[in-house]
Amino acid sequence: MTSEGPALLVPEGNRHLPPLVKVCNELPTLIQWRWIQSLNERKRRTQSFGFPADLGDIPEEFETFEGAFARATRHLEDAIGVPITQFYDLDDIVILDEAQTTRAIFAVSMCPISFKPGKVPMVLQHSETFEHALMSVLWPRLYRSLYSEKFTRAARTYTNLQPFAADEILRLRSDNADPFDVEKFMMTLSWLRPISSWFRSERSSLVEKFGGDEDFINSRSVDEIVDVAVANCAAEQDINLKNMQSLLY
């Protein structure tokens, strides 16, 4: 958090992308994704993500997914100079671009005011500024159309502001809800906003939020409680939101 609101570290030479490290060429299998979803719970219980201890020079074609993921995490920490404290595991793997060529699993950490820089020069970027640049580049057709429509509607609303007060305008808008809610579509498209909101508030892992009470969680193995949490999470998902997201890709 900065005086201007939430911000994130981005590479100084590429400010429209978050720090990214390649893990593999293919999407994780369901078993591999469940392993990723178990990492936060493993760290809660043992103070360690439980990554493979030996990450020697193994050729990419012979490296396990777990080894590649652990290596990517350590490369990310070396690059930004901040240790990873948690993985965002409450949603599916994020689609980063309109062409669906890149998907991401996000690691998160609170950046201290002063920290030792890593191998890659980083700068703090305000989240709204970053998101606009990111989405304009990676979602050129859909995002730019939505952003243009949002700007046009805002200009039309406030051009007619007199003789009404601003709060009266907002009341009239809520009483006559537009069936095409541009902001809702933009929220659906954004991965940064839900992650930012989650990180500023609860920061609960999948298991902490959907696994049940603490005694129940601790009475089950990590793999068992992850399965329970995944099932509970799926039962609470908004099917309309998922259908809307499916139409965007």
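**Entry 1: the pocket**

I started with helix H2, which gives the most to the lining of the largest pocket, with 6 residues. I note here that this is a predicted model.

Next I looked up the space inside. The largest pocket holds about 1,400 Å³. Its lining counts 50 residues, and those closest to the centre are Pro18, Pro19, Ile105, Phe106 and Ala107. Which elements give two or more residues to this lining? I found strand E1 (7-11), helix H2 (65-80), strand E4 (103-104), strand E5 (107-108) and helix H7 (192-200).

I then sorted the lining by class. There are 37 nonpolar residues, 8 polar and 5 charged.

**Entry 2: the whole protein**

I stepped back to the overall picture. The protein has 11 helices and 6 strands. It has 249 residues, and buried ones make up 35% of them. The exposed surface comes to about 15,100 Å², with carbon and sulfur atoms supplying 54% of it.

I also checked contacts between residues at least 6 apart in sequence. Of these, 71% join residues at least 24 apart.

How many salt bridges does a search of the whole structure find? I got 6. As a reminder to myself, side chains of opposite charge can pair when their charged atoms come close.

I went to helix H1 (residues 30-46), which holds both arginine 44 and glutamate 41. These two form a salt bridge, with their closest N and O atoms 2.7 Å apart. They sit 3 residues apart, about one turn of the helix.

Arginine 45 also meets glutamate 41 in a salt bridge, at 2.7 Å from N to O. Here the spacing is 4 residues, so about one helical turn separates them.

Is glutamate 41 buried or exposed? Its relative accessibility is 1%, so it counts as buried, because the cut-off for buried is under 20%. Arginine 44 is partly exposed at 32%, and arginine 45 is partly exposed at 31%.

**Entry 3: a bridge between helices**

I picked one more pair. Arginine 193 and glutamate 131 meet in a salt bridge of 2.9 Å, N to O. This pair links distant parts of the chain: arginine 193 is in helix H7, glutamate 131 is in helix H3 (residues 127-138), and they are 62 residues apart.

Arginine 193 has a relative accessible area of 21%, so it is partly exposed. Glutamate 131 is at 6%, so it counts as buried.

Conventions: Residues numbered from 1 in each chain as written. Predicted model: local features only at pLDDT ≥ 70, side-chain atom pairs only at ≥ 80, totals over all residues. Heavy atoms only, no water. 1 Å grid on protein atoms, 1.4 Å probe; cavity = no way out; pocket = protein on both sides within 12 Å on 5 of 7 lines; lining within 4 Å. Points joined across faces, edges and corners; volume = space filled by probe spheres on them. Nonpolar A, V, L, I, M, F, W, Y, C, P; charged D, E, K, R; others polar. Buried < 20%, exposed > 50% of the residue type's maximum accessible area, 1.4 Å probe, protein only. Contact = heavy atoms within 4.5 Å. Areas by Shrake-Rupley, 256 points an atom, 1.4 Å probe, with all protein chains shown as cover. Salt bridge = Lys/Arg side-chain N within 4 Å of Asp/Glu carboxyl O.
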